[in-house]
Amino acid sequence: MDLFEYQGKQYFARFGISVSPGGVADSVEQAVEVAATVGYPVVVKAQVQVGGRGKAGGVKLAADADEVRLHAGNILGLDIKGHVVRRLWVEHASDIAAEYYASFTLNRPAKKHLAMVSAKGGVEIEAVAAEDPAAIARMDIDPVVGFTESDARRLVIEAGLDEAARDGAAKILVDLYRCYEEGDADLVEVNPLILTPSGAVHALDAKVTLDDNAAFRHPEWDAFRDIDELDERERLAKSKGLQYVGLNGFVGIIANGAGLAMSTCDVVNQVGGAPANFLDVGGGASAEVMADALEVINSDSSVRSIFINIFGGITRGEEVANGIVTALERVAMRAPMVIRLDGTNAEEGRAILKKVESARVISSPTMLGAARKAVELAGAAQ
Ligand code: GDP
Ligand code: MN
């Protein structure tokens, strides 16, 4: 899960990393209110999950309320590389003596963590890496050994950070590593990490990617998730613990297993349809899960037909069929559906499905045939 800058800064603060006081704003007037509480001058910053906001006009300094109004008005609704700005972060502006770069991420082939520090911050690090790779100091970190204060000192010296910034930067690096390690992130990046004229070192930007596999031990991450860029359907699916991705088509798809769900999307496309979603109900496909899946599909007004594609492996066909029958008793479906059930005990499963078959619930034994039927029904339902 990628965090917005303001969420990343909240996460940083939890690990003692110095960030500027600020607040979020969803409107121009709110931006003015936040600015008054954090104190002028302020920076008004677009909250979108893409880099280069500064260059795109999404980061502006404001000296008074009128300037906040002007910039907030311009930035809200701005399209930055396909991301429309719906939220702002307004923070007290910092004086900058120097801009640096610092990050921790995975070095997968080395099976190590990787620290990167550069005295050339504030610009895109990819550009530095391409034009002047020697300007980036790197250090592989053995996850068992960890990252110490003396490692941090070596790194800031090697990167050529100003003398005045070394102590502060080394401390931030140690805290940043804790944020990365204990905070279960795949990436923490600060660009720019600044030195102020008074000698303080401070994070001016925050990019954090959390490792979703660790979500089970971070109930506090739910607060980040509530407000991320999910659409309504994805929000509902997530609340039910389903593996769902919203798409733009009109055939609702339910399959067991991610591979089969993807193939199902492909086949629907192949026969002239367009999937409304990807939905993997996993191996079990119990009545509970199936009812949840049908509810999510039902909530999508663009769905004109549904294709349930189940291949019984360890899960037996009759179990899946019973699950579908029970789910259909619970959920009143708006769109007609085609069910393809194959694999272990498919015959037994199909016999059970006979109970619910009608002009709107059709069983079809092959994947291609079922896809054709679903697309045909979508046309009829138009
Ligand atoms: P990005 O362009 O998306 O990476 O957004 P950043 O948050 O990194 O901001 C871009 C640039 O805006 C920074 O490199 C700074 O030069 C400038 N900037 C951001 N915050 C401040 C601030 O508080 N004071 C000053 N003087 N400049 C800032
Ligand atoms: Mn930045």
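Start with the cysteines: in this predicted model, the count of disulfides is zero. A disulfide here would need two cysteine sulfur atoms within 2.5 Å.

Select Cys-179. Its relative accessibility is 0%, so Cys-179 counts as buried. Next, select Cys-265, which has a relative accessible area of 9% and is buried.

Now colour the chain by domain. The domain assignment gives domain 1 (21-92), domain 2 (98-223) and domain 3 (230-380). Between the C-alpha centres of domain 1 and domain 2 there are 25 Å.

Move to ligand 2, the manganese ion. Which residues coordinate the manganese ion? Select Asn-191 and Asp-205: the O atom of Asn-191 and the OD of Asp-205 coordinate the ion at 2.2 Å. Asn-191 sits in strand β10 (residues 185-195), while Asp-205 is in the loop between β11 (201-203) and β12 (207-210), so the pair ties together parts 14 residues apart in sequence. Is Asn-191 buried or exposed? Its relative accessible area is 15%, and buried means under 20%, so Asn-191 is buried.

An oxygen atom of ligand 1 is 3.1 Å from a polar backbone atom of Asn-191. For Asp-205, an N or O atom of the side chain is 3.1 Å from an oxygen atom of ligand 1. On its own, ligand 1 has 560 Å² of accessible area, and the protein covers 80% of that.

Definitions and conventions
Residues are numbered from 1 along each chain as its sequence is written. Chains are lettered from A and ligands numbered from 1 in the order in which they are written. This is a predicted model: local features need pLDDT of at least 70, side-chain atom pairs count only at pLDDT 80 or more; totals for chains, interfaces and linings use all residues. Side-chain values use heavy atoms; hydrogens and water are left out. Domain bounds come from an automatic or database domain assignment. Buried means under 20% relative accessible area, exposed over 50%, partly exposed in between (1.4 Å probe, protein chains only). Donors are N, O and S atoms within 2.8 Å of the metal (3.2 Å for Na, K and Ca); water is not among the atoms, so sites may look incomplete. Helices (H or I, at least four residues) and strands (E, at least two) are DSSP runs, numbered from the N terminus. A polar contact is a pair of N or O atoms within 3.5 Å; within protein, one must be able to donate a hydrogen and the other to accept it, and residues adjacent in sequence count only if both atoms are side-chain atoms. Accessible areas come from the Shrake-Rupley method with a 1.4 Å probe; for residues, only the protein chains shown count as cover.
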